[in-house]
Amino acid sequence: MTIHASYERHPDLGCEAVVFIDDEAEVCRANRQSLELDGFTVETFGAAGPALTAILADPPGLVITDVRLPDLDGVALFARLRALDPEL
């Protein structure tokens, strides 16, 4: 299975949709606001599991994650994503 996004491109980063993962709600809120002000569509998650489910269902152009999460660390999350799509 290959995961590729088919979103309109952000002029600077080549994507529009972002998944942001952090277990601190305030960090998610602040970063969501900043990214949306810069023209991104942002979906936030407080844990890796729900984020992984959403990413597999509708891959974003960019994933930003905290390393320390309650259910799966960010490094392990990226390892799972890369196993599904080695081009990440």
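Predicted model: local features only at pLDDT ≥ 70, side-chain atom pairs only at ≥ 80, totals over all residues.
Residues are numbered from 1 along each chain as its sequence is written, and side-chain values use heavy atoms, with hydrogens and water left out.

The secondary structure of the protein chain comprises 3 helices and 3 strands; helices (H or I, at least four residues) and strands (E, at least two) are DSSP runs, numbered from the N terminus. Along the sequence, these elements follow the pattern β-α-β-α-β-α. Of the 88 residues in the protein chain, 33% are buried. Here, buried denotes under 20% relative accessible area, exposed over 50%, and partly exposed in between (1.4 Å probe, protein chains only). Among contacts (heavy atoms within 4.5 Å) between residues at least 6 apart in sequence, 62% join residues at least 24 apart.

The 3 strands form an open sheet in the order β2-β1-β3, with parallel pairing. Two strands are taken to pair if DSSP finds at least two bridges between them. Strands β2 (41-45) and β3 (62-65) are the edge strands, each pairing on one side only. From one strand to the next, the twist averages 20°. In general, strands of a sheet pair through backbone hydrogen bonds, either parallel or antiparallel. Strand β1 (residues 17-21) pairs with β2 in the parallel sense over 5 bridges. Within this pairing, valine 19 stands opposite glutamate 43 in β2, and phenylalanine 20 stands opposite threonine 44 in β2.

Strand β1 is largely enclosed by the rest of the structure, because 5 of its 5 residues are buried. In a regular strand the side chains alternate between the two faces of the sheet. In β1, Ala17, Val19 and Ile21 point one way and Val18 and Phe20 the other way, all of them being buried.

Helix α1 (residues 25-37) lies across β1, β2 and β3 and runs at about 170° to β2. Axes are lines fitted to C-alpha atoms, for helices over the stretch in contact, and angles run from 0 to 180 degrees between N-to-C directions. A search of the whole structure identified 2 salt bridges, each defined as a side-chain nitrogen of Lys or Arg within 4 Å of a carboxyl oxygen of Asp or Glu. Arginine 29 is partly exposed, with a relative accessible area of 44%.

A salt bridge is also formed between glutamate 36 and arginine 32, whose closest N and O atoms are 3.0 Å apart. Glutamate 36 and arginine 32 likewise lie in helix α1, 4 residues apart, about one turn of the helix. Both side chains belong to partly exposed residues: the relative accessible area is 38% for glutamate 36 and 30% for arginine 32.

Two packed helices are described by the angle between their axes and the distance between the axes. The axes of helix α2 (residues 48-57) and helix α3 (residues 74-84) come within 11 Å and cross at roughly 20°. Helix α2 is therefore roughly parallel to α3, a class that covers angles under 35 degrees, with those over 145 counted as roughly antiparallel, 65 to 115 as roughly perpendicular and the rest as oblique. The contact involves Ala48, Leu52, Ile55 and Leu56 of α2 together with Leu77, Arg80, Leu81 and Leu84 of α3. The crossing of α2 and α3 is right-handed, the near helix being turned clockwise from the far one by less than a right angle (anticlockwise for left-handed).

Helix α3 also contains phenylalanine 78, which counts as partly exposed at 32% relative accessibility. Leaving aside neighbours within four places in sequence, phenylalanine 78 is in contact with Val63 and Thr65. Phenylalanine 78 and valine 63 are 15 residues apart in sequence, and their C-alpha atoms are 9.0 Å apart in space.
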